[in-house]
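This report describes a single predicted chain.

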Amino acid sequence: MNSSLAVWVAGARPRTLPAAIAPILAGAASALAVAGATGGRFWLITALCAVVALALQVGVNYANDYSDGVRGTDDDRVGPLRLVGSGLASAQAVRTAAFAAFGVGAVAGLVVVALSGQWWLLLVGAVSIVAAWFYTGGTTPYGYLGLGEVMVFVFFGLVATVGTTYVLAGVAPLHAWLAGAAVGALASGILVANNLRDIATDRVAGKLTLPARLGDPRSRIFYAGLCAFAGVCVVGFAALTTWWALLALLGLLLLVAPLRLVLGGAMGPRLIPVIQGTGMAEIGIGLGLLVGTFLA
């Protein structure tokens with residue numbers, strides 16, 4: 001059994017990690033638009049929020065690998081390496097890795113809460129970890145019910161972005177929600193592309209993701225709609241803060257290639273670059289918002 005570091009890194013699905021960092025950048029941008037100045041504490045909390053988000057993303061990836069693996073959903077898949085499904089790691093080891101990642105996120109989150117003094121946010125963190133596990137875990141995983149994209153939008157979009165803004169600035173203004181919606185839409189787009197690729201095998205395994213329910217043509221239209229919605233939200237953020245924030249629209253240029261693949265009917269492994277491209281576009285939006293508000 002190959003348990004090398006490279007295998008575990010691949011099992012963490014690095015292409016999905018931009019979905020964790022982007023909302024933190026967007027949240028910091030929203031806080032900067034409110035506070036107008038930063039210091040060491042600002043960037044320390046931002047960095048800790050990034051650790052929380054990355055740990056939860058890695059945790060949910062391992063948890064997904066474990067749960068799908070023991071159910072047999074990953075027995076016939078294309079795309080990122082599955083540790084359990086491929087037999088490269090035991091189910092117990094992958095489950096332990098998931099819990100370890102959640103533990104790192106919990107510790108970093110506790111420090112964030114202590115620094116911000118917003119102790120009620122511990123409940124939000126606990127709910128986020130529970131939601132991460134039950135995406136494909138438990139007896140009735142919501143990822144198998146077509147709710148994965150909705151929950152990704154909520155937790156890796158709104159909650160992560162607005163939560164970061166709140167611990168940094170003590171408020172949750174409308175523009176923070178717009179920033180969260182922008183990155184959340186693309187985070188959902190990553191999952192749509194992933195599930196679009198696996199429609200056939202997911203249906204056979206009884207995993208009725210949103211694309212499995214919508215079907216191939218409508219899933220592709222839905223992906224394009226999410227990309228357009230992200231752009232609208234960026235414009236709304238800029239209208240409420242500074243027009244420098246329109247720099248974030250440059251990130252949307254990274255969606256040209258993914259959109260061509262999706263709308264051009266790409267199938268199977270040809271959809272894998274869409275996941276990475278959408279993630280990089282999401283990072284582009286978050287970074288553009290932060291740079292724009294900083295320049296203002």
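## Annotated spans

The unreviewed UniProt entry assigns the annotation "transmembrane region" to residues 43-63, 93-113, 119-138, 150-168, 174-193, 221-238, 244-263 and 275-295. UniProt positions follow the numbering used here, feature names are shortened, and annotations may be inferred rather than shown by experiment.

In the model, residues 43-63 are 100% helix and 0% strand, with end C-alpha atoms 30 Å apart. Residues 119-138 are 65% helix and 0% strand, and their end C-alpha atoms lie 28 Å apart. Helices (H or I, at least four residues) and strands (E, at least two) are DSSP runs, numbered from the N terminus.

## Basis and confidence

Residues are numbered from 1 along each chain as its sequence is written. The model is predicted: local features need pLDDT of at least 70 and side-chain atom pairs count only at pLDDT 80 or more, while totals for chains, interfaces and linings use all residues; side-chain values use heavy atoms, without hydrogens or water.

The mean pLDDT (the predictor's confidence in each residue, from 0 to 100) is 89 for the chain, and 96% of the residues reach 70 or more.

The largest nonpolar core has 84 residues, of which Tyr62, Val94, Leu186, Ile285 and Leu289 touch the most other members. Helix α3 (residues 40-71) gives the most to this core, with 13 residues. Such a core is a set of buried Ala, Val, Leu, Ile, Met, Phe, Trp, Tyr and Cys residues joined through side-chain atoms within 4.5 Å. Beyond its neighbours within four places in sequence, Ile285 is in contact (heavy atoms within 4.5 Å) with residues including Ala182, Leu186, Val234 and Leu252.

Of the 32 residues of α3, 23 are buried; buried means under 20% relative accessible area, exposed over 50% and partly exposed in between (1.4 Å probe, protein chains only). From first to last C-alpha, α3 reaches 46 Å, close to the 46 Å expected at 1.5 Å a residue, the expected span being 1.5 Å times one less than the number of residues.

## Salt bridges

Two salt bridges are found in the whole structure, each defined by a side-chain nitrogen of Lys or Arg within 4 Å of a carboxyl oxygen of Asp or Glu. One joins Arg197 and Asp198, with the closest N and O atoms 3.0 Å apart; Arg197 and Asp198 are both buried.

The other pairs Asp216 with Arg220 at 2.5 Å, N to O. Because Asp216 and Arg220 are four residues apart in helix α11, about one helical turn separates them. Asp216 counts as partly exposed because its relative accessibility is 25%, whereas Arg220, at 6%, counts as buried.
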